[in-house]
Amino acid sequence: MKVTGPSGPAGATGARSAPAQAAASGFSISTPSVGAPAGVTAAASINAVSTLEALMALQEVGGPLERRRRAVWRADKILDALDGLKLELLEGARNPAILESLTRAVREQRSMTDDPGLEALLDQVETRAVVELAKLEGPAVAT
């Protein structure tokens, strides 16, 4: 049924095949060359990767407060490991997991802060941890 205007609906007519074929013959899909899509795809993927890397770099850098928070968190981790080590030594036991935790905490890269007082305190915590680790390694016995 076809609505033609103010006169109302018109009767259903059969499908017209000739105009449809004419419209179909006027429409064609051009096939692009093989190299064009690959180049566009490669450029899009490079752009996506560089955008992702830029976002990751921005998250990694953080501001001064973020660097300070990371440095304090690392110092807390070292102090917790030193406290665990102290308790072990008082009990007369040696737990390799505590030593490994302390070693990992000391080897982590420290975020530098803009506060000289905090930097000095962090240096003292690291130095104490390194001294304790050196004492536990024991002196090398010469034969």
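Predicted model: local features only at pLDDT ≥ 70, side-chain atom pairs only at ≥ 80, totals over all residues.
Helices α4 (residues 96–107) and α5 (residues 116–137) have axes that come within 10 Å and cross at roughly 140 degrees.

**How α4 meets α5**

- With a crossing angle of roughly 140 degrees, α4 and α5 are oblique to each other.
- The crossing of this pair is left-handed.
- On the α4 side, Leu-99, Leu-102, Thr-103 and Val-106 take part, and they meet Ala-129, Val-130, Leu-133 and Leu-136 of α5.
- Sorted by class, the residues of this contact are seven nonpolar and one polar, with no charged residue.

**The whole protein**

- The protein has five helices and two strands.
- Taking contacts between residues at least 6 apart in sequence, 58% join residues at least 24 apart.

**Helix α3 on its own**

- Helix α3 covers residues 64–91, which is 28 residues.
- At 1.5 Å a residue, α3 should span 40 Å, and this agrees with the 41 Å between its end C-alpha atoms.
- Buried residues of α3 include Ala-71, Ala-75, Ile-78, Ala-81, Leu-82 and Leu-85, and also Arg-74, Gly-84 and Glu-88.
- Those buried residues pack against α4 and α5.
- After α3 comes Gly-92, which has a positive phi near 85 degrees.

**How α3 meets α4**

- The axes of α3 and α4 come within 9 Å and cross at roughly 155 degrees.
- The two helices are therefore roughly antiparallel to each other.
- Their crossing is left-handed.
- From α3, the contact uses Arg-74, Lys-77, Ile-78, Ala-81, Leu-82, Gly-84, Leu-85 and Glu-88.
- The α4 residues they meet are Ile-98, Leu-99, Ser-101, Leu-102, Ala-105 and Val-106.
- In this contact, nine residues are nonpolar, two are polar and three are charged.

**How α3 meets α5**

- Here the axes are 10 Å apart, and the helices pack at an angle of about 30 degrees.
- That angle makes α3 roughly parallel to α5.
- The crossing of α3 with α5 is left-handed.
- From α3, the residues in this contact are Arg-68, Ala-71, Val-72, Arg-74, Ala-75, Ile-78, Leu-79, Leu-82, Leu-85 and Leu-89.
- From α5, they are Leu-118, Leu-122, Val-125, Glu-126, Arg-128, Ala-129, Glu-132 and Leu-136.
- By class, the residues of the α3 and α5 contact are 13 nonpolar and five charged, with no polar residue.

**A closer look at Glu-88**

- Glu-88 lies in helix α3.
- Leaving aside residues up to four places away in sequence, Glu-88 touches Ala-93, Arg-94, Asn-95 and Ile-98.
- Glu-88 is also one of the α3 residues that meet α4.

Definitions and conventions:
Residues numbered from 1 in each chain as written. Heavy atoms only, no water. Axes fitted to C-alpha atoms, helices over the stretch in contact; angles between N-to-C directions. Helix = DSSP H or I, 4+ residues; strand = E, 2+ residues; numbered from the N terminus. Parallel < 35°, antiparallel > 145°, perpendicular 65-115°, else oblique. Left-handed = near helix turned anticlockwise from the far one by under 90°. Contact = heavy atoms within 4.5 Å. Nonpolar A, V, L, I, M, F, W, Y, C, P; charged D, E, K, R; others polar. Expected span 1.5 Å × (residues − 1). Buried < 20%, exposed > 50% of the residue type's maximum accessible area, 1.4 Å probe, protein only.
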